[in-house]
Amino acid sequence: MNIYLPIAEVSVYLPMLLAISGGVGLLSGMFGVGGGFLMTPLLIFVGIPPSIAVATQSNQLVATGISGVLAHRKQKHVDFKLGTAMLSGSVVGTVFGVYVFTVLKNMGQLDLVVSLLYVTLLSSVGTLMFVESIRTWWRSSKKQLVRRKLHPHSFLHGLPFRLKFPVSGLYMSALLPAMIGVLAGFLVAVMGVGGGFLLVPIMIYFLGMPTSLVAGTSLFQVIFTTALATFLQAVTNHNVDIILAAILIIGGAIGAQFGSRLIGFLKGEQARGLLAIIVLSVALKLLYDLILPPEDLYSMLVQK
Amino acid sequence: MKLVLFILFLSIAPVRAGPLSVDLSSQLVSVTTDFKGDKIVLFGAKTGTGDIVVTIRGPEENIIVKRKVRTAGFWIDRETAIFPKMPSYYSMVTSASLKLPKSLRQKHHLGIDSLNPVMKDSLPMAEKYLFLKALIRHKQHQKLYRPKTKNISYLGNGLFKSMIKIPRNAPIGTYQIDVFLIQNAQVKDQKTLSLFVKKSGFNQKISDFARHYAALYAMLALMIAAFFGWAANALFANKH
């Protein structure tokens, strides 16, 4: 059962595509991340041209984000004020990111840069999460009373535009979430990820947001950055494949719903540890590909 | 005026002047959503003796071949060779184990080793050859440069036919089919036909929409995403 994708100009095996998006959707439902960091390399692996994979993946993440935010909003788990502060930066980051993406594509070095970004970001985030989950598990098994110090206040917190963020119970310069937003927006455009895997740890450890609010607020942000990235990519590079996007969205939405039910079976730090392992595996595989001598030194590219 | 009309008439009629006449069962291959490839029949007639050689060349494309070099621990694409106007698809059919002289093969591009690419760069010849070999290897792996076949049937009275298989991953565009009548290592006659591989109405409409109305296309893509995002939540949310 093959289906021809008109923009990607390749024919793909439909059941496999649904299985991949369903599987990644399952993970995103479990952990509250978009899953883009896993989906985009998988799409490239099954033969979708990288540029189309990144842009179409942004489209799918809009759906994931909306579905997630609606679910979290019911439980009041979204800090819209903070999210909006981040958004002001993300818009800038996304626009800049699409520009860089186009330049790299024309230079022919897009694949390399995207691979390097994935490797560095995924390995650092994966390691941090893994270490943190081990530490939490260690502490809880020792039954120690943990007096966590409130997040450290760096000079960044004292920058101008200081605002109160009542939902999260924080008081800091609005420029701080804005700068984080710039980074997230940039990554969305260049890597085809939602940015969640990076935002979530930053929000917890650096901003000090309560964990329950992080997933929903991050997804709120993801909706707008991915929507903007999708729009810019479609208009600038014409590389969003609407048929592929529809397939991924359907598979992902179904998978996510099952995933959010499965999460009840795991403890918090076990889930984070598992996610950390997945993230690190992807990072290692990509590093492996970059470092080991390739099967074929030559690669071919058709100039469009 | 009459001359113009006459020439126009010649260009639309199936080619038939000279000892060789050829035609195709269909000039259009429509790439639909469930496209699995297609089969076109080339048929024709020859008067007198001679062997038939057919070459099928897909639309031209500019191909860039890169070579990785180990830089600072990573394997990075560093060296490039550009091959402009290469056929995106190539296959050849002959009626017998013809041994054709190299000059003839080179002149008419008979065979994958006679594609004669023009290379735009300053690499030495030996290097360029390595890049070309890599290009051919990749194309063969994608099944776009096919091995020679002997897929021609002679039906008597000079009639012949050959089945041309268009693969599933055939590039979109205009294919050039050259039919040669060869005798004594010389081309007695040659005819050229065009085959159009196009995206089906639906697929082509989507491509055009994406390219020419990009902003609207993007809005549509976003609305689809928004709808399914909302639907997934609405359908499943209460079942927790």
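This is a predicted model: local features need pLDDT of at least 70, side-chain atom pairs count only at pLDDT 80 or more; totals for chains, interfaces and linings use all residues.
Me: Let's start with a term: a salt bridge is a side-chain nitrogen of Lys or Arg within 4 Å of a carboxyl oxygen of Asp or Glu. Which side chains meet in a salt bridge at 3.0 Å, N to O?

Reply: Residues are numbered from 1 along each chain as its sequence is written, chains are lettered from A in the order in which they are written, and side-chain values use heavy atoms, without hydrogens and water. Across the interface of chain B and chain A the rule finds two salt bridges. The pair you ask about is A:Asp296 and B:Arg137.

Me: How much area do chain B and chain A bury between them?

Reply: Buried area is the accessible area (1.4 Å probe) that two parts lose on being put together, summed over both. Carbon and sulfur atoms carry 66% of it here. B:Lys66, B:Trp75 and B:Asn233 supply 13% of what chain B buries against chain A, more than any other three residues. The total is about 4,700 Å².

Me: Which residue of chain B stands opposite A:Ser299?

Reply: Helices (H or I, at least four residues) and strands (E, at least two) are DSSP runs, numbered from the N terminus, and two strands pair if DSSP finds at least two bridges between them. Six bridges join strand 5 (residues 298-303) of chain A to strand 5 of chain B, and the two run antiparallel. In strand 5 of chain B, the residue opposite A:Ser299 is B:Lys66.
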